[in-house]
Each structure stands twice: as C-alpha cells, then as structure tokens.
Amino acid sequence: MNKKTVRDVDVKGKRVLVRVDFNVPLKDGVVADDRRIRAALPTIQYLLDHGAAVVLMSHLGRPKGKPRPELRMDPVADRLSELLGRPVTKLDDCVGVRVENAVNAMQPGDVILLENTRFKPGETKNDPLLAEGLARLGDIFVNDAFGAAHRAHASTVGVAHHLPAVAGLLMEKELAYLGRALADPERPFLAILGGAKISDKIGVIQNLMSRVDSLLVGGGMANTFFKAQGLNVGDSLVEEDALDTARDLLESAGDKLVLPVDCVVADRFDAEAQARVVPVDQVPDGWRILDIGPATVAHFSNRLAAAKTVVWNGPMGVFEFSRFAEGTFAIARALANLKDATTIIGGGDSAAAVEQSGLADKMSHISTGGGASLEFLEGKELPGVAALMDA
Ligand code: ADP
Ligand code: MG
C-alpha cells in the first residue's frame with residue numbers, strides 16, 4: 001500500500017482522532033450487528049497499546065444534518081465498551097468548546113466516542129469549518145472507515161487536510177486485499193458478479209474484464225445478458241436500458257464472460273412461490289428467474305476449482321427467500337473449499353449472504369464496505385484514501 005499507516009507515526013502521548021465506520025444496524029435501541037465495530041478493534045487496541053488517547057467518530061444512518069435521538073451513538077458506545085473491556089465516554093456533540101475541553105482532559109488509554117457526525121449539515125458537504133472543528137480534537141488523524149472512504153465528507157477528507165493523516169489497520173487490510181487483486185493477482189484470477197442490476201455494476205464489469213481470466217455472472221444481472229442474446233426470460237427482472245451495453249460487453253468479452261446454463265424459475269416474486277429448474281433457453285412465459293440452477297453451480301464450481309484469486313460481488317439469486325438461496329450458498333461453499341486461494345467478498349448483500357451461509361470464516365477477506373468496495377473495483381480512487389499521507 002502506498003499510504004502511511006498507524007505504524008508509521010508515533011502516537012505515544014498523542015490524542016488520535018480516528019474516523020471509524022460504526023454505521024451499524026440498530027434494533028430496539030441496541031446494536032443488532034456489531035461486525036463493523038469488531039472490525040475496528042485492532043486499530044483502537046493498537047493505539048491504546050501504544051499510549052494514545054483515542055477519539056472516535058462515525059456517522060450512523062441518514063439523519064440529514066439534524067440531531068435525531070434514535071440515531072445517537074450511545075448504543076454503539078455501550079457495545080464498544082463491552083468489546084474493549086474498558087469505559088468509553090460518549091459525548092453529545094462532535095465539535096465545540098465542551099467537546100474540546102473533554103478531549104483536552106484525556107489521558108493515554110482513554111476512549112471517547114463523538115456524537116454522530118451526520119447530525120451536522122456540514123458533514124456530507126465537507127464544510128471546511130466543520131473539518132477544522134474536528135481537527136482541533138486530535139494531534140493525528142487516522143482513517144479506518146473503509147466503508148465511508150468513497151465519500152468526500154468533513155470527517156473523512158476535510159479533516160485529513162489539517163492533521164498528519166494515516167490509514168488504520170482495517171483500512172490497510174481492505175486496500176491490501178482489494179488492491180492486490182486488481183494490481184497483482186495470483187492467477188487464475190476469477191470474478192463472480194451477481195446481484196439485482198447490471199447498471200449498478202457496469203463500471204466493475206468493465207474494469208475487471210481486462211484483469212480477470214474469467215468473469216462468472218449470475219443473479220438478476222444475468223437476465224439482461226440473456227435477453228441481449230435473444231433468449232426469452234419471461235417475467236424476469238431485465239433492464240431494457242442496459243441491453244445495448246450488455247450486447248457490447250458480450251461481444252468484447254468473448255468466452256471470458258461465463259453465463260448460467262440453467263436457472264431456478266418462480267411463478268411469482270415470493271418466498272412461497274412455486275419453483276422449477278429449467279435450462280436458460282426454456283424459461284416459461286409468466287415465470288421469472290430467481291436463482292442459478294444446479295448445472296450452473298457445477299459449471300461455476302468447476303471453473304473456480306483452479307482459481308488462485310477470486311473476487312465475488314453480488315448474490316447469485318434472491319437469497320432472502322430460502323427457496324432461492326441455494327445457488328448463492330453453493331458458490332459460497334465452492335469458495336470455502338478452495339485451498340491456497342485468496343477469496344475476497346465485496347458488497348453489503350453478498351457479505352450478508354456469506355455470513356448467513358455460515359462460511360464467513362472460510363473466506364480470506366470480507367469487505368466491510370459495500371459502496372466503497374464497488375467503487376474500488378471500478379478502479380476509482382477513493383477520496384478518503386487519496387487524502388492520506390503517501391508512504
Ligand atoms: P451487493 O450488495 O452484494 O453489492 P446487490 O445489492 O447488487 O449486491 O444485489 C443484491 C440483491 O440482488 C439481493 O437483494 C437479491 O435478492 C437480488 N437478486 C439476486 N438475483 C436476483 C434475481 N435473479 N432477480 C431479482 N433479484 C435478484
Ligand atoms: Mg446491495
């Protein structure tokens with residue numbers, strides 16, 4: 001990685017302002033899924049172990065620039081305190097005199113969590129005054145919020161211009177896995193793309209196409225390719241606007257692009273729908289494709305068996321309905337079975353599906369950033385990363 005990290009700066013006796021991604025789901029006032037909090041622990045622990053006072057900040061949900069009681073960071077502070085096994089002081093604002101006083105009174109080993117940065121209208125506008133206010137709360141800035149790195153906000157980019165700015169350990173890990181896959185993958189390098197829409201991922205397909213040995217396509221996005229090939233897809237989700245793009249991609253990709261050979265069709269979009277397996281050229285009128293079929297699973301698994309690097313983004317079917325989750329889970333199993341391969345999962349729904357499959361710990365890396373991992377795979381420079389000091 002070409003950016004400085006927490007390891008490259010002396011944090012002893014310093015106040016270290018850390019942007020984390022604590023944008024976690026809440027339910028009944030408690031954290032419903034603490035994966036993102038746990039993912040930030042190595043950086044927080046590293047800083048504490050090296051004698052820093054740690055000031056944490058994050059956004060939570062979309063309060064649109066106003067305080068919203070249900071999006072306060074208190075439940076996050078409670079969970080973090082449990083995980084760290086030490087007190088976490090939660091403040092009721094993220095800038096201002098009272099916050100500065102609290103931060104200036106900190107001792108090494110203390111942890112403060114600031115209030116939701118998106119309670120301030122200046123956060124998403126990257127307002128320079130807010131960035132300056134935040135910068136007064138630290139001697140060093142650490143960005144560990146990979147999941148927010150695709151946004152040029154005051155707490156990700158603005159503040160980085162006022163302080164020595166380095167990457168946290170989670171940020172470093174995310175960039176190392178995704179970066180190596182794009183720049184210097186061990187081959188064969190395969191990508192698996194799925195999910196609902198092709199239009200969300202055209203940039204990813206284009207950027208990956210020139211780098212991968214094969215691109216396996218499943219999920220709803222395959223339908224648009226089928227239609228572009230002249231197949232009848234019944235009532236399946238198809239993006240008419242993307243048909244020309246799909247045709248171009250089919251032509252330029254040649255046999256690098258691997259499409260499903262069979263699919264699971266349903267008579268309606270419903271968890272209890274009737275389901276049937278058919279070849280992709282025999283989708284009955286009035287039915288819709290909701291998963292890849294067993295022959296496709298075998299075909300994809302076969303291709304994957306030799307892979308040394310795999311990047312997977314997008315479920316193979318509507319995995320939220322158990323009847324149509326098998327394709328996605330079978331691909332998760334195929335990745336889990338790979339020996340000596342680097343397997344990287346990107347995308348919020350894909351990460352959730354792999355988690356649900358029970359095979360998460362068999363993957364090399366599950367990205368904590370949905371949108372950020374997609375933008376990275378598109379080959380875009382993430383503004384939150386660009387703002388950090390070069391190594
Ligand atoms: P990620 O969040 O991993 O990037 P996406 O958001 O692109 O993934 O896609 C996930 C969604 O795609 C899921 O909600 C899933 O139900 C949907 N999906 C997958 N296959 C199909 C299909 N054949 N028809 C309709 N929706 C699908
Ligand atoms: Mg998604």
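Q: Where is Pro188 placed?
A: This is a predicted model, and in it Pro188 sits in the loop between α6 (169-183) and β9 (189-193).

Q: What's the peptide bond from Arg187 to Pro188 like, cis or trans?
A: That bond is cis, with omega near 5°. Most peptide bonds are trans.

Q: OK, phi angles now. What is phi of Lys64 near?
A: Phi of Lys64 is near 55°, a positive value in a residue other than glycine. Lys64 belongs to the loop between β4 (53-57) and α2 (74-84).

Q: And is Lys64 buried or exposed?
A: Lys64 counts as exposed because its relative accessibility is 71%, and the cut-off for exposed is over 50%.

Q: What about Asp340, where is that found?
A: Asp340 is in the loop between α11 (326-336) and β16 (342-346). Phi of Asp340 is positive too, near 50°, and Asp340 is exposed, with a relative accessible area of 65%.

Q: Switching to ligand 1: which residues come nearest?
A: Of the 17 residues around ligand 1, those are Ala196, Lys201, Glu320, Asp349 and Ser350.

Q: Which side chain has an N or O atom 2.6 Å from an oxygen atom of ligand 1?
A: That's Lys201. On the backbone side, a polar atom of Ala196 is 3.0 Å from a ligand 1 oxygen, and an N or O atom of Asp349 lies 2.9 Å from one.

Q: How much of ligand 1 does the protein cover?
A: The protein covers 85% of the 580 Å² of accessible area that ligand 1 has on its own.

Q: Which element gives the most to the shell?
A: α12, with three residues.

Key:
Residues are numbered from 1 along each chain as its sequence is written. Chains are lettered from A and ligands numbered from 1 in the order in which they are written. This is a predicted model: local features need pLDDT of at least 70, side-chain atom pairs count only at pLDDT 80 or more; totals for chains, interfaces and linings use all residues. Side-chain values use heavy atoms; hydrogens and water are left out. A residue is near a molecule or strand if one of its heavy atoms lies within 4 Å of it. A polar contact is a pair of N or O atoms within 3.5 Å; within protein, one must be able to donate a hydrogen and the other to accept it, and residues adjacent in sequence count only if both atoms are side-chain atoms. Accessible areas come from the Shrake-Rupley method with a 1.4 Å probe; for residues, only the protein chains shown count as cover. Helices (H or I, at least four residues) and strands (E, at least two) are DSSP runs, numbered from the N terminus. Buried means under 20% relative accessible area, exposed over 50%, partly exposed in between (1.4 Å probe, protein chains only).
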